[in-house]
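Morning, everyone. Please bring up the model and have the sequence beside it.

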Amino acid sequence: MSEVILSATGLSKHFVGRQSLVSKLRGKEPLTIPAVDGVDFEIHAGETIGLVGESGCGKSTLGRTLVGLYPATAGELSLYGESIGQERTLEQRRSVQMIFQDPFASLNPRMSVGDMLKEILLFHKLVSKEKVDERCKELLSLVGLPLSALQSFPRQFSGGQRQRIGIARALALEPKILIADEAVSALDVSVQASIVNLLLDLKRDLGLTMLFISHNIAVIRQISDQIVVMYLGRIVETGPTEQVFADPQHPYTKLLLSSVPKMTPGSKLGEAPDGELPKMQAHFQGCRFQSRCPIAVESCLTVDPELLQIRGSHHRVACQLVH
Amino acid sequence: MSTPFLSVRNLHVDIETNRGLLKAIRGISLDVNEGQSIGIVGESGSGKSITLKAILGLLPKNARITSGDIFIEGQSLFELSEKARRQLLAEKIGIVFQDAIAALNPVLTVGTQIAEIPHRRMGWSKEKSRERAIELMTLVGIPEAEKRLKVYPHQLSGGLRQRVAIAIALSGNPRLIFCDEPTTALDVTIQAQVLRLLLDLRQKENTGIVFVTHDLAVVNEICQEVNVMYAGRFVERGNVQDTFQDPTHPYAYSLLKSAPDMDHQVERLFSISGEAPDLTKTFVGCPFAPRCFAVSDLCRTTEPDLLPIRTSLSACHHSQNYLDKLSEARA
């Protein structure tokens with residue numbers, strides 16, 4: 001296997017709610033939401049990892065913690081084997097870049113595309129002043145935008161083009177890993193297809209390593225080599241995409257995959273799963289999925305399953321009934 | 001053939017915008033029979049939501065119907081007084097929107113909202129309306145219906161709120177439900193539950209469904225007929241099975257191919273170059289021509305009509321031989 005770029009061990013991000021003075025004086029515990037709760041995984045060079053889950057499962061929080069937008073509450077994060085502390089060095093910040101869901105909110109409306117790219121290139125001293133224009137043009141052609149875009153402002157572009165600008169901006173820093181948080185979710189399907197193709201091209205041509213976060217399972221299937229399924233702050237299943245789709249092991253993954261509407265002609269909707277995502281709690285007892293699980297047994301109420309390998313493969317599952 | 005339940009004839013809708021007059025709907029016709037489920041798909045701006053709003057008389061102030069006619073059970077809506085029209089629509093058609101929290105009244109309990117139509121419009125007693133509300137909540141799968149009568153929308157999860165919205169839509173015993181992206185804001189497991197519910201309702205109560213969405217896979221799963229909309233017109237209409245298997249319009253083909261399918265992984269997704277036309281500007285010929293792989297000179301001068309081909313209707317000059325063109329374009 002190729003080199004490990006980013007690895008997380010026991011990574012957690014807990015959000016702590018605000019407390020009134022009265023409840024503080026009464027010695028009450030503040031409300032804690034363990035959005036990401038003890039997650040272990042590795043990202044290898046040149047690999048695309050698809051992170052899926054329903055809203056509130058912690059997938060965006062995990063992405064933002066990896067980029068450094070949120071400080072981690074606990075756990076270890078390392079880049080090329082070097083531990084990342086609370087204060088990242090400039091080099092470490094540059095290495096992990098992100099593209100966001102809403103391409104309009106994430107671009108400065110008062111800066112032309114050229115200025116935007118120049119600012120970051122010069123700040124990080126990636127090119128000399130003389131060569132900066134040339135590099136900007138290179139970046140634009142990389143993401144399939146016309147050179148005239150340099151003088152234009154974000155409002156002059158369509159949604160898909162804005163997303164291309166977001167990608168160009170992230171690539172300008174020559175990141176080691178790109179984190180795409182719902183990067184195609186706000187786009188129409190035909191535009192979505194062209195952005196997915198662009199990311200596939202960049203992966204092939206530049207050997208881009210990527211963490212692709214999405215709730216859209218069909219898109220994840222197209223783009224990722226490995227898939228990570230999250231449920232209530234934990235990874236419940238991870239493995240090579242083909243293997244997980246062909247043979248899902250965790251009851252939640254099975255339920256998730258069977259819920260997705262299919263494009264196959266004549267496909268008829270199956271029986272719908274019961275139950276809803278339970279509320280996040282500060283402490284869970286037993287397996288987090290047991291309230292919705294169709295095969296739960298008594299010990300699921302007490303035993304918190306670990307993410308373990310099955311049959312010596314790279315396929316890992318957190319369910320005591322599978323092992 | 002008997003009169004269709006809902007019939008739309010050559011409808012045109014214009015919207016006044018600050019960029020000029022936008023021709024949002026440019027002549028569409030649609031028939032929905034009793035108990036039929038119809039999907040309308042298209043990308044943003046194609047006019048699918050405006051179609052629903054125009055039928056229901058819910059168009060925004062700056063939009064108006066410029067020509068065309070709408071019939072419910074043979075009765076033209078435009079021949080009725082405003083009051084009679086609203087009464088008829090309220091009795092016959094229910095509607096479910098994408099955003100349930102915006103569609104529900106935040107200061108009334110869900111019980112009050114579900115009982116409102118039976119009580120106010122149908123003149124039922126309070127007690128009887130309340131019982132009807134419990135019945136409807138049970139029907140749409142809200143557990144502990146009696147207790148939940150007294151909760152407010154914000155106390156419910158997204159899936160339950162959408163169920164409440166469906167219960168309200170059903171409260172007047174409509175023959176048809178309009179669904180405007182009802183599951184787009186929901187998680188996929190919850191979406192599966194709501195779709196299952198709509199399917200069951202159609203089977204049990206023979207309620208017709210008009211389902212507007214951008215999600216092709218959802219239409220494939222729950223509709224009988226699909227209408228593909230592009231630039232304010234239907235470009236293809238056919239039964240779901242045939243259209244998904246073998247679309248006859250190049251846009252329908254492109255749209256189906258560009259949607260990722262969770263059953264298959266492909267090397268590259270099909271993508272459509274260019275953008276949809278700006279409907280504030282006048283254009284000649286087929287609106288899809290600049291983006292089409294089967295385009296000819298005829299397409300650039302004459303806009304095609306929606307005409308029968310095989311089991312479907314298609315608005316393309318080249319439906320007959322576009323598949324040949326397609327293989328040429330691939331080669």
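First, the ground rules. This is a predicted model: local features need pLDDT of at least 70, side-chain atom pairs count only at pLDDT 80 or more, and totals for chains, interfaces and linings use all residues. Residues are numbered from 1 along each chain as its sequence is written, chains are lettered from A and ligands numbered from 1 in the order written, and side-chain values use heavy atoms, without hydrogens or water.

The sheet. Chain B has an open sheet of 8 strands, with mixed pairing, in the order β6-β7-β8-β3-β9-β10-β12-β11. Helices (H or I, at least four residues) and strands (E, at least two) are DSSP runs numbered from the N terminus. Two strands pair if DSSP finds at least two bridges between them. Neighbouring strands are turned by 20° on average, direction ignored.

Look at β7 (176-180) and β8 (208-213) of chain B. They run parallel, joined by 5 bridges. Asp180(B) has Val212(B) in β8(B) as its bridge partner.

Now, what packs on the sheet? Helix α1 (48-56) of chain B does, touching β3, β6, β7, β8 and β9 of chain B. Contact means heavy atoms within 4.5 Å. Helix α7 (158-170) of chain B also packs there, touching β6 and β7 of chain B. The direction of α7(B) makes about 170° with that of β6(B). Axes are lines fitted to C-alpha atoms, for helices over the stretch in contact, and angles run from 0 to 180 degrees between N-to-C directions.

Stay with α7(B). It packs with α8 (188-205) of chain B at about 20°, axes 10 Å apart. The two are therefore roughly parallel, a label for angles under 35 degrees. The α7(B) side of the contact includes Arg163(B) and Ile166(B); the α8(B) side includes Val194(B) and Leu197(B).

Helix α4 (110-121) of chain B also meets α7(B). Their axes come within 8 Å and cross at roughly 20°. So these two are roughly parallel as well. Among the contact residues are Ile114(B) and Ile117(B) of α4(B), and Val164(B) and Ala167(B) of α7(B).

Last, the chains. How many residues does each chain bring to the contact? Chain A gives 45 and chain B gives 44. Together they bury about 3,900 Å², 52% of it on carbon and sulfur atoms. Buried area is the accessible area (1.4 Å probe) that two parts lose on being put together, summed over both. Gln222(A), Met263(A) and Leu269(A) supply 21% of what chain A buries against chain B, more than any other three residues.

Methods
Parallel < 35°, antiparallel > 145°, perpendicular 65-115°, else oblique.
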